[in-house]
Amino acid sequence: MDNLKILVLCLLPIVVFSQDAQFISHPVDTLVKVGNEVIFDCVLENVGGGAVSWLKGEEDLYRGIATIPDLYESDAFKECCELTGDTASGDFSMKIKSAKYEDAAAWKCKYSGGGVIFEEHGSLSVLDDLDCSVEDGTQNEGLYQVIEGNTKKLNCLSDGAPPGSLTWIRDGVDSESTGDSPLVWEPTFADADSNLVYDCELRHETLAEPISCENTISFDVQYKPVIKVDINPENKDGKVLEGKSFSADCMVVRAKPPIEGSGPTWSTTVEGADVGDSSSLNMPAVLRSQAGDYVCSAENVFFDGSTGKSEETVTLEVQYPPVLSLPQNYTFKVGDAVSINCSEKVTEANPPVSEFTWKRHNDVFQTGEVLTIDAITREDHGRFTCEAKSVFYDGSEDKAESNTEFVVQYKPDAKTPAVVALKEGESRDVVCNVEADPAPSTVKWIKLPGTDALSETETLTLTDVTLDDAGEYRCEASNTFYDGEVATNDEDNGISQVVVQFMASATLNGPTVPVGEGDKNIVLNCSVESEPKPNSYKWEFVNKAGEMTVLTETSMMLDRGVASREHAGNYTCTATNTFYDGTMGKSSASIVVSVNYAPDIMDKDDNMVAAEIGSEAKLICKATAEPDPTFKWLNATGGEIKNKENKYTIEEKYEDGVFVYTLTISDVVEADYASYECNADNGIGMDNVKVELSPITAPGPPVDVNVKETHHSLTVTWKAGFNGGEKQTFIVKLENEKLTSERLSDTIEDDGRDVFTHTFTGLDPNVDYLISVVAKNTKGESEPSTQEVKTAVPPSAGKRGGSSSSTVVIAVVVVILLLIIILGIVILVLVRRKRSSSYNTQKGEQAPQRLDEEVPLNEPKENDKGVSEFALDENEKNKKNKGKGEEAQPLKGSEQTPEDDVKKESDAPEETKIEEPQDSDSKDKSPTEEKGKKTNDEVVYAELDHGKPKEDTATPVKEPTQYATIDFARTSQRPGQPTSL
């Protein structure tokens, strides 16, 4: 074997190699801990007969080819490494089984063959645990000692300078300290850092797990005493009401190391206060003079001899209610500004007053310390009270009140209606009510801007008013103050506006001559003189066809936009105003607007007419125009067709605003099948259309087919194509593209509408369907117009798919059907029990009380016709079924079995024949042994033959065979006992 390998190595230079060999994956830089395994990838494609080598640095350790992977392996390679891949497929990946420091080198995977040599390498770094230490650290029982708030330098050192990064970790959580070796971290320590584990890790993407410190580090953090002061719950935050007691306890919650001595002590700078020498502070019946700071302190000694001292200060605040005093009264005139600061009237208060409230006659007037009235009025006359309230620390309140009297004098104030509305010709009395302090001495009415008195009393009488009576009227009043000053009401006081209401005629302004289409805007203006002004305008438009439309415009101006033919017609403006009493006035005006435009022939797409040989053909040309157009019909050669000429008749009429020009061709012959042209001209312009006359054919396909989908329906719309010359119908079809058994169709008559619509309902959501619409007449069918569409996905289905809702619906339906079937079986059993009971009772026997009791089968109940009740009922049913063209079916339980026909009448006896469906010993055999036979718990059938005696003979007439269900699983039946039904 070794000789063969040597031969292969010698022949390698002459082997034909692939020229397309290349790396799929190759070695990469790798970091590993001593003793761990390392895998370097080396996977090539199109290796062919080329050789692959592994080198450590420049040392050749391995060489092989796809078919002979171990052509050459050095002893060093065999000791440290092994191949891990399938060389036959080009995988020469190599594993170092246990990394050593001397394995740190560049490992190369090299390919050579066919004069081509290429290689890839990855550097291997081999490391041991990291070296972690504390600079200037003092240990006690394995823990480094440090004082809270101080820092320590932590050093992390790795061998050499490997790839990857170092990270300091505190208690399993990465710190912000990350970098290359050596890595120094200087954290600040707190009490919570005691006994936490500090570690350093080297991480690299090629490491199976990080390399950490050989020994982790932990600290003993010492801190000064933590003091807690518990104040009596009644003295929240050091507050106390004057005359109440105050107490507080001071304690050391924790300290490292513990404090020395008996415990914390109290001190204060408040004169005359006695705090004692214990950790408790007790002050009975506190005075406001004892308010101030009280300090609790404690001290301990750290490992380095330094001390830690803590203090907790309690500020004692003594609270008491406010003191308030206001002047006896204040005097003002109307219009004076008032500003009174209640806080200036407070002499003492602790805490400060939190809320000031000003009251007028015990009702809140303003909140806030300053009472502000920009201009005092006569309504402000009377008693005002300032209330000062303090809220103490415990939520309790105390307040002080002080009253003062406001004296306010004012001139007359005349009260008159602001507006007096009358319709022309009405009469009215207007009354002036005057308020003044003191009372007014004179009152009179004048019409502004005059000064003459119309009345020297409080009442103004207006009679048969006209438009001249409209205007402003003023009630003037005077009084005299206590000091002799005479005052008159303000000039704008006591004013009444008399309004005389009316409605005059409306005027409608607009174009009075025809307007060319597209020339300019059509603007109409509705002018009305009225009082009050119109509150609504109604615009009505009647077009040339006599159709009336109420326009949406509601203002006095109507802008129809650029003139178009649709704007031609009669416009009416109706203005409406509302009088003071709710009655309404109306006025209307009208104008006719004409718009000239060139002829416009309608229905140009509907330009086909069909007629049979010998019949009559009508070619219709419709157009709108202003002024009236002149029409011409031209034949296929361009010659004008004259009315009453040969076989042609031309009729012209105007209806619904449309000019209709009809060419009638009588006794159509083959030569009449041609193209005819209709021309319309009115001097402004002209228009034409070609109409094709052809024989009656099958219709053209429907056009503009569109489908609108929902979750459970598809709505199809389409327009009719050419009907071929005959009345047509449409057949609209739906087919499930995957479930071809789901097909629906419907037929719709062409009734002349513009758009046809049909909706398919009860469909499943998210299903692909093919929609087709076909036109049909007596000549045949058109090509189908089709659309592929999918029903919508319900929103609730979301990304779960559209079938979930259908599945739920189907499941619910199945459950309901099962319940109905079970209910039907129960009812059937009860009905049969009732019939059996009735039958036995009439025969003088006791009816069975249970399903497993006996029911005689050979004694049918006879009715007055001598026929079994069961046979008669079923016979009547079979007669009805035969009358409907249906074949009577035998029953299985309550239903007839589909495989049996109704028996014909015979001479068989009336007794019931029961055939056992299995051997007597079959109940002892397994279902496997009895394969093909009925087991004990299966349902079988027994024929019930009811005979009907003839009137003149005892020979029975056999009725249709009936079937009864027999349950052979009932174990309570005794041998020889009749079978129960």
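Among contacts in the chain between residues at least 6 apart in sequence, what percentage join residues at least 24 apart?

Guide: The figure is 62%. This is a predicted model. Its chain has 981 residues, and 38% of them are buried. The secondary structure comprises four helices and 74 strands.

Now the disulfides. A search of the whole structure finds nine. Take three of them in turn.

One is formed by cysteine 132 and cysteine 213, with sulfur atoms 1.6 Å apart. Cysteine 132 sits in strand S12 (residues 131-134), and cysteine 213 sits in the loop between strand S20 (211-212) and strand S21 (219-231), so the pair ties together parts 81 residues apart in sequence. The S-S torsion is about -65°, so this disulfide is left-handed. Both cysteine 132 and cysteine 213 are buried.

Next, cysteine 526 is joined to cysteine 573, S to S 2.1 Å. The link runs from strand S46 (residues 521-531) to strand S50 (residues 569-578), with the two cysteines 47 residues apart. Cysteine 526 and cysteine 573 are both buried.

Then come cysteine 621 and cysteine 678, whose sulfur atoms are 2.1 Å apart. Cysteine 621 lies in strand S54 (residues 617-626) and cysteine 678 in strand S59 (residues 675-681), 57 residues apart. The torsion about their S-S bond is -80°, and the link is left-handed. Cysteine 621 and cysteine 678 are buried too.

A word on confidence. The chain averages a pLDDT of 81. Over residues 841-981, pLDDT stays under 50.

Note on methods:
Residues are numbered from 1 along each chain as its sequence is written. This is a predicted model: local features need pLDDT of at least 70, side-chain atom pairs count only at pLDDT 80 or more; totals for chains, interfaces and linings use all residues. Side-chain values use heavy atoms; hydrogens and water are left out. Buried means under 20% relative accessible area, exposed over 50%, partly exposed in between (1.4 Å probe, protein chains only). Contact means heavy atoms within 4.5 Å. pLDDT is the predictor's confidence in each residue, from 0 to 100. A disulfide is a pair of cysteine sulfur atoms within 2.5 Å.
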